[in-house]
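Colleague: Please show me the model, and then let me ask how its terms were applied.

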Amino acid sequence: MSSMQKSSITLTVNGHNHELVAEPRKLLVDALREDLRLTGTHVGCEHGVCGACTVLVDGLPVRACLTYAIQMEGHEVSTIESVAVDGQLSALQQALHEEHGLQCGFCTPGIVMTFEAFLKENPEPSEAEIRDALSGNLCRCTGYQNIVKAIQKAAEQMRKAPDYVAP
Ligand code: FES
Ligand code: FES
């Protein structure tokens, strides 16, 4: 069986330029985890349901299990590894920690990426809007209540100090 022809692409991941050589069906999530060793992006359902693989592409949440790596030519990808700056958690990460918005943590990277983008667009979301946005991220552990509380707290914190990073 002949191997599929690989293509070379250039993309930006967490602010750094990368060249990737990938076969056409290589998924973005596998390229991130296997080729770039960015294993903070998790793989759950592998078919677009659980949200664990969520990354940002040009600032918008995308399911990396439904995206081919070669589609990222020329695009800017951000993963969970880019969220804390110099080891300082973002307001959202800090609030998830303080409000016990995670247990096993499997869903957490996807939730953080989804809501880092969401809170930029919706600085003052209602609980219903938060729950609606959260419906694309499955969590088996928390029952969601503390995640909602954490997102509310992060929103408040970010309104007060948009450049907040945790001490
Ligand atoms: S692994 Fe991508 S949505 Fe579940
Ligand atoms: S904390 Fe375990 S799946 Fe959400």
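Modeller: In helix 3, Ile-111, Thr-114, Phe-115 and Phe-118 meet Glu-129, Ile-130, Ala-133 and Leu-134 of helix 4. Contact means heavy atoms within 4.5 Å. This is a predicted model, where local features need pLDDT of at least 70 and side-chain atom pairs count only at pLDDT 80 or more. Residues are numbered from 1 along each chain, and side-chain values leave out hydrogens and water.

Colleague: How do the residues of this contact divide by class?

Modeller: The contact of helix 3 with helix 4 has six nonpolar, one polar and one charged. Ala, Val, Leu, Ile, Met, Phe, Trp, Tyr, Cys and Pro count as nonpolar, Asp, Glu, Lys and Arg as charged, and the others, Gly among them, as polar.

Colleague: What makes helix 3 oblique to helix 4?

Modeller: The axes of helix 3 and helix 4 (residues 127–134) come within 11 Å and cross at roughly 135°. That makes helix 3 oblique to helix 4, because angles under 35 degrees count as roughly parallel, over 145 as roughly antiparallel, 65 to 115 as roughly perpendicular and the rest as oblique.

Colleague: Why is helix 3 called oblique to helix 5?

Modeller: The axes of helix 3 (residues 108–121) and helix 5 (residues 145–160) cross at roughly 40° and come within 11 Å. Helix 3 is therefore oblique to helix 5.

Colleague: Which residues meet there, in helix 3 and helix 5?

Modeller: Ile-111, Phe-115 and Leu-119 in helix 3 meet Ile-147, Ile-151, Ala-154, Ala-155 and Met-158 in helix 5. By class, this contact of helix 3 with helix 5 has eight nonpolar, no polar and no charged residues.

Definitions and conventions: Chains are lettered from A and ligands numbered from 1 in the order in which they are written. Axes are lines fitted to C-alpha atoms, for helices over the stretch in contact, and angles run from 0 to 180 degrees between N-to-C directions. Helices (H or I, at least four residues) and strands (E, at least two) are DSSP runs, numbered from the N terminus.
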